[in-house]
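Me: Got a model open here and want to talk it through. Can you take my questions as they come?

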Amino acid sequence: MQAKSFVRSVSLIAVFSWTAVASAEQTLPTPRSVILTAGQEAAAQAVILAARRYAAFWNTGAPRYAEAALTQNFVDRTLPSGRPQGLKGVLEASKNFRSAIPDLRAEIEELLVVDDRAVVRYIFTGHFTGTFKDLKGDGRAISFRAVDIYRVQNGQISDNWHLEDNLSLMQQLGVVKP
């Protein structure tokens, strides 16, 4: 009798665990468009999930999404001057963005997956209600684009090459005159 009870308990734990994972994945940002190499649909799922987790990090600033999306030895291949490498640098970048744009959102416009690589076209939006350097936000809408290229290993992003439209962002923040 105890063995049956144990098996039922383990089965219930497995069902609840799977349900929690499935519902967590449902709350991740969904790309508007996904382009895959023919015949690689199943293999691409881990790459897609890593990209969606990273987008969830940028949407929320919650470190748990970055920790789930990035390998422990994550390398930012286009690291801005002064930013630490790895997860620490990513968390710092999010904190800096959110100090100026607390409601920052990242939407995946397009996700292209080929083998272990993903090219992600993002649009970032929010409102400048915080502070950036010496500037105090006035609530103006902010919208800028970015493109990331990820290398994914074992379901996590190991390398990232990124390019943000920083000129548009700086103009919208009022740092640079249009």
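Me: Where does Lys 133 lie?
Reply: Lys 133 is in the loop between strand S5 (131-132) and strand S6 (135-136). Strands here are DSSP runs of E, at least two residues, and helices are runs of H or I, at least four residues, both numbered from the N terminus.

Me: Is Lys 133 buried or exposed?
Reply: Lys 133 counts as exposed, because its relative accessibility is 72%. The cut-offs are under 20% relative accessible area for buried, over 50% for exposed and partly exposed in between, with a 1.4 Å probe and protein chains only.

Me: Quick check, what kind of model is this?
Reply: This is a predicted model, where local features need pLDDT of at least 70, side-chain atom pairs count only at pLDDT 80 or more, and totals for chains, interfaces and linings use all residues. Residues are numbered from 1 along each chain as its sequence is written, and side-chain values use heavy atoms, with hydrogens and water left out.

Me: New topic. How much space lies in the largest pocket?
Reply: About 650 Å³. A pocket is an open set of points on a 1 Å grid over the protein atoms alone, where a 1.4 Å probe fits, with protein on both sides within 12 Å along at least five of seven lines; lining residues have an atom within 4 Å of a point. The volume is the space filled by probe spheres set on the points, which are joined across faces, edges and corners.

Me: Which residues are closest to its centre?
Reply: Of the 32 lining residues, those are Pro 80, Arg 83, Ala 93, Phe 97 and Asn 166.

Me: Which element gives the largest share of the lining?
Reply: That's H4, with 7 residues. Helix H4 spans 87-100, and S5 and H5 are among the other elements that each supply at least two.
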